[in-house]
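Colleague: I am new to reading structures. Please take me through one, a feature at a time.

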Amino acid sequence: MREPHEVFLDYLRRRGLNMTPQRAVIVETFLAAEGHFSCDELCAKVRKADAAIGQATVYRALKLLVDSGLAEALLAGEGPMLYEHSYGHGHHDHLVCLDCGGKVEIVDQEIEDRQEQLAREHGFTLSRHSMILYGLCQRCQSSGSRKD
C-alpha cells in the first residue's frame, strides 16, 4: 500500500496541479486528525500551523482530498459536511442521531454483499458508496427531547 502523501501527489500531478506549501500543511493536518470533523474544525487546526491559511483554501484542499480518495465526505443530518480518512481505513457505513448528532460507524458484510448484488442486477460496477442511516440514538430516545 502506498503512502497517503504519494497518492495525493500523484493525484495532483495527473491533474496538472502543484503541491503548494499551503496544501502541504493542510494535508499534514488532515492526516494527523482522527474521527469525523468539519471544514471549520480542520481549518482551526491548520491555522495553528499557519495562521495565514484561509477557510476557502482548506475547503478547496478538502475537495482535492476527497477526489483523490484520501478522504470521505459525510453529510450528517442538518449540520455541516464532515470529513474522515478513507484511504487505508476499512470501509464502514454510519448511523447518525438526528437529535445529538452522534455518529456510530457500522460494518455489516450482508449489507455490503447485497449492495454489490443490487449494483450487478442493474448493470453497475461500484467504485465506492456511502450509506447513512438517520434516527435517534438510545440516549436521545430515553431523554424524550426530540428535535423534529
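Modeller: Start with the surface. Accessible areas come from the Shrake-Rupley method with a 1.4 Å probe, and for residues only the protein chains shown count as cover. Here the accessible surface of the chain comes to about 9400 Å². Carbon and sulfur atoms hold 51% of that surface. This is a predicted model: local features need pLDDT of at least 70, side-chain atom pairs count only at pLDDT 80 or more, and totals for chains, interfaces and linings use all residues. Residues are numbered from 1 along each chain as its sequence is written, and side-chain values use heavy atoms, with hydrogens and water left out.

Colleague: Which elements make up the chain, and in what order do they run?

Modeller: Helices (H or I, at least four residues) and strands (E, at least two) are DSSP runs, numbered from the N terminus. The chain has 6 helices and 6 strands. From the N terminus on, they run α-α-β-α-α-β-β-β-β-α-β-α.

Colleague: Which strands form the open sheet, and in what order?

Modeller: Two strands pair if DSSP finds at least two bridges between them. In this open sheet, 3 strands take the order 5-4-6, with mixed pairing. Strand 5 (103-106) and strand 6 (132-135) are at the edges. Each has a single partner strand, so one side of each lacks a neighbour in the sheet. Strand 4 (residues 93-97) pairs with strand 5 in the antiparallel sense, over 4 bridges. One detail: His94 has Glu105 in strand 5 as its bridge partner.

Colleague: Is Ser68 buried or exposed?

Modeller: Buried means under 20% relative accessible area, exposed over 50%, and partly exposed in between (1.4 Å probe, protein chains only). Ser68 counts as buried, because its relative accessible area is 12%. Ser68 lies in helix 4 (residues 55-68). Contact means heavy atoms within 4.5 Å. Leaving aside residues up to four places away in sequence, Ser68 touches Val7, Phe8 and Tyr11. Across the chain, buried residues make up 30% of the 148 residues.

Colleague: Which residues make the nonpolar surface patch?

Modeller: Patches are made of residues with over 30% relative accessible area and no salt bridge; like charges are joined within 9 Å, nonpolar side chains (Val, Leu, Ile, Met, Phe, Trp, Tyr) within 5 Å. A salt bridge is a side-chain nitrogen of Lys or Arg within 4 Å of a carboxyl oxygen of Asp or Glu. Leu75, Met81, Leu98 and Tyr134 make a nonpolar patch of about 360 Å². Met81 belongs to strand 3 (residues 81-85). Met81 is partly exposed, at a relative accessible area of 34%.
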